Amino acid sequence: MMPSFRGTMFSWARLAASSSPESSGAPTEWDVARNGEGLTYRLRRWPDLPSHDRTADVYRTLSRMSHGPVDRNWMLTHSGLQAERVDALLRLLIAAGAVEVAADPDFNQ
């Protein structure tokens with residue numbers, strides 16, 4: 001029996017969070033999150049932002065993420081940021097270790 005998409009994403013997210021991608025060959029959290037399908041992001045700590053990301057839209061998004069997890073679709077719908085800015089912000093947060101990536105329990109594939 002083939003594993004479900006949701007199960008695969010959950011497994012990858014768990015692997016990425018618990019192991020070093022460089023040493024294990026496991027996908028990075030960003031590899032898993034490229035489409036944002038079925039994953040949520042919760043701010044662990046406030047990152048150092050480059051000057052171009054010090055905007056009201058980014059700070060509002062980070063503030064919301066500090067209160068609970070959001071998915072990429074929420075960011076696209078509510079943040080005022082374009083898709084490429086959302087993706088760049090997620091890459092920055094993941095690289096800085098400032099965000100927790102988890103499988104969305106409400107995601108239906």
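## Helix α6

In this predicted model, helix α6 comprises 13 residues, 83–95, which at 1.5 Å a residue should span 18 Å, and the 18 Å between its end C-alpha atoms agrees with that expectation. The buried residues of α6 are V86, D87, L89, L90, L93 and I94; viewed down the helix axis they fall within an arc of 160°, so they line one face of the helix. The face turned away from this buried side carries the exposed residues E84 and A95. Just after α6, G97 adopts a positive phi of about 70°.

## The nonpolar core

The largest nonpolar core has 18 residues, of which Y41, L62, M65, M75, L93 and V99 touch the most other members. At least two residues of this core come from each of β1 (39–43), α4 (56–67), α6 and β3 (99–103), and α6 supplies the largest share, 5 residues.

## Salt bridges

The structure holds 4 salt bridges, among them one between D53 and R85, whose closest N and O atoms are 3.0 Å apart. Because D53 lies in the loop between β1 and α4 whereas R85 belongs to helix α6, this pair ties together parts that are 32 residues apart in sequence. D53 counts as buried at 8% relative accessibility, while R85, at 31%, counts as partly exposed.

A further salt bridge joins D87 to R72, with the closest N and O atoms 2.7 Å apart, and links distant parts of the chain, since D87 is in helix α6 and R72 in helix α5 (residues 72–78), 15 residues apart. D87 is buried, with a relative accessible area of 15%, and R72 is buried as well, at 14%. Within helix α4, D57 and R60 lie 3 residues apart, about one turn of the helix, and form a salt bridge with closest N and O atoms 2.3 Å apart.

Definitions and conventions:
Residues are numbered from 1 along each chain as its sequence is written. This is a predicted model: local features need pLDDT of at least 70, side-chain atom pairs count only at pLDDT 80 or more; totals for chains, interfaces and linings use all residues. Side-chain values use heavy atoms; hydrogens and water are left out. Helices (H or I, at least four residues) and strands (E, at least two) are DSSP runs, numbered from the N terminus. The expected span of a helix is 1.5 Å times one less than its number of residues. Buried means under 20% relative accessible area, exposed over 50%, partly exposed in between (1.4 Å probe, protein chains only). The arc is that of the directions from the helix axis to the C-beta atoms. A nonpolar core is a set of buried Ala, Val, Leu, Ile, Met, Phe, Trp, Tyr and Cys residues joined through side-chain atoms within 4.5 Å. A salt bridge is a side-chain nitrogen of Lys or Arg within 4 Å of a carboxyl oxygen of Asp or Glu.
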